[in-house]
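Please keep the sequence and the model in view while reading.

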Amino acid sequence: MKLNEQIREERVLLNFKAENRDAAIGKLVDAAINGFDREAVLTAILEREALGSTGVGHGVAVPHVRIDAVETPIVVFGRSQNPIDFEALDEEPCSLFFLVLSPAKQGAQELHLQTMARISRLMRNENVREALMTVETPAAVMKAIKANAS
Amino acid sequence: MEENLFKKILLVVEGGDLDGVVTPVAIARAIANQAKLIVLNVVDHLAINRMKRFSEQSLTEIEIELEEKGWRALYFAEEMAKDEGVPTMIQQKSGVVENEILKEAVRLKVDLIVLGYPRKVSGQAKRLTQGRAEKVIENSVCSILVVK
């Protein structure tokens with residue numbers, strides 16, 4: 001399955017407002033909510049984040065966690081109105097986010113790693129980052145991702 | 001006594017832990033020292049050109065494949081380390097592998113570099129990887145742990 005097939009338009013969040021990392025992750029979790037316990041998911045992500053930033057550089061962060069509550073990976077794309085400090089190794093604050101919730105069950109690790117790898121690889125592309133920083137609709141986000149997805 | 005001798009450890013995964021032993025050793029050292037772990041993969045541009053000679057894939061396709069393989073290895077190591085409660089961050093760079101390792105070790109002020117010295121690969125790949133390890137050992141300003 002290609003990356004663009006894992007993201008749905010209703011899980012694209014453009015120009016959201018958040019004061020800090022935890023608030024940003026909260027907004028992304030809200031967009032992912034699909035009948036599961038929001039607080040449990042948020043806590044799991046924040047605990048993981050506390051063990052090391054998921055900022056991958058160039059203003060991009062990919063917070064992620066594997067949980068029992070999902071059967072297939074859920075991917076949310078978000079762009080914040082203001083850059084947010086994610087304590088990334090390159091020290092750049094982040095404006096582009098992909099939240100990934102993957103199944104914790106055995107045998108699901110490969111798909112999780114593949115999803116994470118595809119997102120991170122895609123976001124190393126400066127043209128894609130620029131497009132995602134400027135597009136104005138979820139449909140345009142999907143188009144920019146699809147054009148470069150593997 | 002090793003306790004807290006190292007505060008920041010750089011683990012080099014080189015597109016995957018070929019023998020499956022390097023990452024657990026780095027994690028064990030991080031736990032013993034209560035250290036942070038930074039996992040690094042370098043996409044080797046020279047390797048892309050070498051691979052092109054034996055492949056029908058385009059340079060871009062090979063680069064995408066290597067980048068994704070690298071990220072996969074990074075997230076695999078990150079998951080292993082965080083499952084053990086080790087503070088971990090990952091980073092992918094591209095360029096000449098040994099140069100990037102040395103550069104990042106200085107920039108991130110690491111105390112220890114952990115890298116593999118693979119036994120299960122042969123021929124040119126083995127010579128290249130071992131050559132890199134030797135260059136890092138020779139030029140590093142911090143301690144190195146080479147895992148076989």
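## Terms and basis

A residue is called buried under 20% relative accessible area, exposed over 50%, and partly exposed in between, with a 1.4 Å probe and protein chains only. The model is predicted, so local features need pLDDT of at least 70 and side-chain atom pairs count only at pLDDT 80 or more, while totals for chains, interfaces and linings use all residues. Residues are numbered from 1 along each chain as its sequence is written, chains are lettered from A in the order in which they are written, and side-chain values use heavy atoms, without hydrogens and water.

## Two loop residues of chain A

Most residues other than glycine have a negative phi. A:His58 has a positive phi near 60° and is placed in the loop between β2 (55–57) and β3 (60–61) of chain A; strands are DSSP runs of E with at least two residues, and helices are runs of H or I with at least four, numbered from the N terminus. A:His58 is partly exposed, at a relative accessible area of 35%.

A:Glu87, also not a glycine, takes a positive phi of about 55°. This residue lies in the loop between β5 (74–84) and β6 (94–103) of chain A, and A:Glu87 is exposed, at 58% relative accessible area.

## The sheet of chain B

Five strands of chain B form an open sheet in the order β3-β2-β1-β4-β5, with parallel pairing; two strands pair if DSSP finds at least two bridges between them. β3 (88–95) and β5 of chain B are at the edges with a single partner strand each, so one side of each has no neighbour in the sheet. From one strand to the next, the twist averages 25°.

β4(B) and β5(B) are joined in the parallel sense by five bridges. B:Leu115 has B:Val146, in β5(B), as its bridge partner.

## Helix α1 of chain B

The buried residues of α1(B) are B:Val22, B:Thr23, B:Ala26, B:Ile27, B:Ala30 and B:Asn33. Viewed down the helix axis, they fall within an arc of 140°, so they line one face of α1(B); the arc is that of the directions from the axis to the C-beta atoms.

These buried residues pack against β1 (8–12), β2 (36–44), α3 (59–83), β4 (112–116) and β5 (143–147) of chain B, where contact means heavy atoms within 4.5 Å. Just after α1(B), B:Gln34 has a positive phi of about 50°.

Key:
Axes fitted to C-alpha atoms, helices over the stretch in contact; angles between N-to-C directions.
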